[in-house]
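User: I would like to go through this model with you, one topic at a time. Could you start with a polar contact and work from there?

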Amino acid sequence: MKASSMDTHMGNISIDNEVIAQYAGSVAMECFGIVGMASVNMKDGLVKLLKMDSMTRGIKVALDNNKLILDFHVIVSYGVSILAVSDNLLSNVKYKVEEFTGIEIEKINIFVEGVRVID
């Protein structure tokens, strides 16, 4: 089990990285311009839009020096500013995940894997 943990005066708190990824993914999906998380098949170079129940495969969570590093593989909506969407994603995820976990975020990497037209 990969988990992020922190020591408090009462004991140790351990949060599974899957829980952090799921929460971060739900926060990301609330952001304007994000269509969904992407799964990249390295062998074929194919990008696939993940369904809501498996969106954590598009998010990597790592802990380095008691700080979180998050990697998002996203698909954005056609016609939106990728910079604006990325800024919105960064600020929302940073604030809400730090508030949720109590662990500081050191870095958020965003990989735009595709663009989709939304009806």
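Analyst: The side chains of Ser-39 and Arg-57 make a polar contact at 3.4 Å. A polar contact is a pair of N or O atoms within 3.5 Å; within protein, one must be able to donate a hydrogen and the other to accept it, and residues adjacent in sequence count only if both atoms are side-chain atoms. This is a predicted model, in which local features need pLDDT of at least 70 and side-chain atom pairs count only at pLDDT 80 or more, while totals for chains, interfaces and linings use all residues. Residues are numbered from 1 along each chain as its sequence is written, and side-chain values use heavy atoms, with hydrogens and water left out.

User: Is Ser-39 buried or exposed? And where does Ser-39 lie?

Analyst: Ser-39 is buried, with a relative accessible area of 17%. Buried means under 20% relative accessible area, exposed over 50%, and partly exposed in between (1.4 Å probe, protein chains only). Ser-39 lies in strand 3; helices (H or I, at least four residues) and strands (E, at least two) are DSSP runs, numbered from the N terminus.

User: Turning to helix 1, what caps its N-terminal end?

Analyst: Asp-16 does, with a side-chain oxygen 2.7 Å from the backbone nitrogen of Glu-18.

User: Which residues of helix 1 are buried?

Analyst: They are Asn-17, Ile-20, Ala-21, Ala-24, Gly-25, Val-27 and Ala-28. These residues cover an arc of only 160° around the axis, so they are on the same side of helix 1. The arc is that of the directions from the helix axis to the C-beta atoms.

User: How many aromatic pairs are there?

Analyst: The count comes to one aromatic pair. Tyr-23 and Phe-100 are stacked, at 4.0 Å centre to centre and 15° between the planes. Rings of Phe, Tyr and Trp (its six-membered ring) pair if their centres lie within 6.5 Å; planes under 30 degrees apart count as stacked, over 60 as edge-to-face and the rest as tilted.

User: Which parts does that pair tie together?

Analyst: Tyr-23 lies in helix 1 and Phe-100 in helix 2, so the pair ties together parts that are 77 residues apart in sequence. Tyr-23 is partly exposed at 26% relative accessible area, and Phe-100 is partly exposed at 45%.

User: What about Val-97, buried or exposed?

Analyst: Val-97, found in helix 2, is buried, with a relative accessible area of 1%. Setting aside neighbours within four places in sequence, Val-97 is in contact (heavy atoms within 4.5 Å) with Ile-20, Tyr-23, Ala-24, Leu-68, Gly-102 and Ile-105. Val-97 and Val-27 are 70 residues apart in sequence, yet their C-alpha atoms are 8.3 Å apart in space.

User: What does the side chain of Thr-101 reach?

Analyst: The side chain of Thr-101 reaches the backbone nitrogen of Ile-103 at 3.1 Å. A polar atom of this side chain also lies 2.8 Å from the backbone oxygen of Val-97. Thr-101 is in helix 2 (residues 82-101) and counts as buried at 5% relative accessibility.

User: Last topic: which residues touch the most other members of the largest nonpolar core?

Analyst: Of its 24 residues, these are Ile-34, Met-37, Leu-70, Phe-72 and Val-93. Elements giving two or more residues to this core include helix 1 (17-29), strand 3 (34-41) and helix 2. A nonpolar core is a set of buried Ala, Val, Leu, Ile, Met, Phe, Trp, Tyr and Cys residues joined through side-chain atoms within 4.5 Å.
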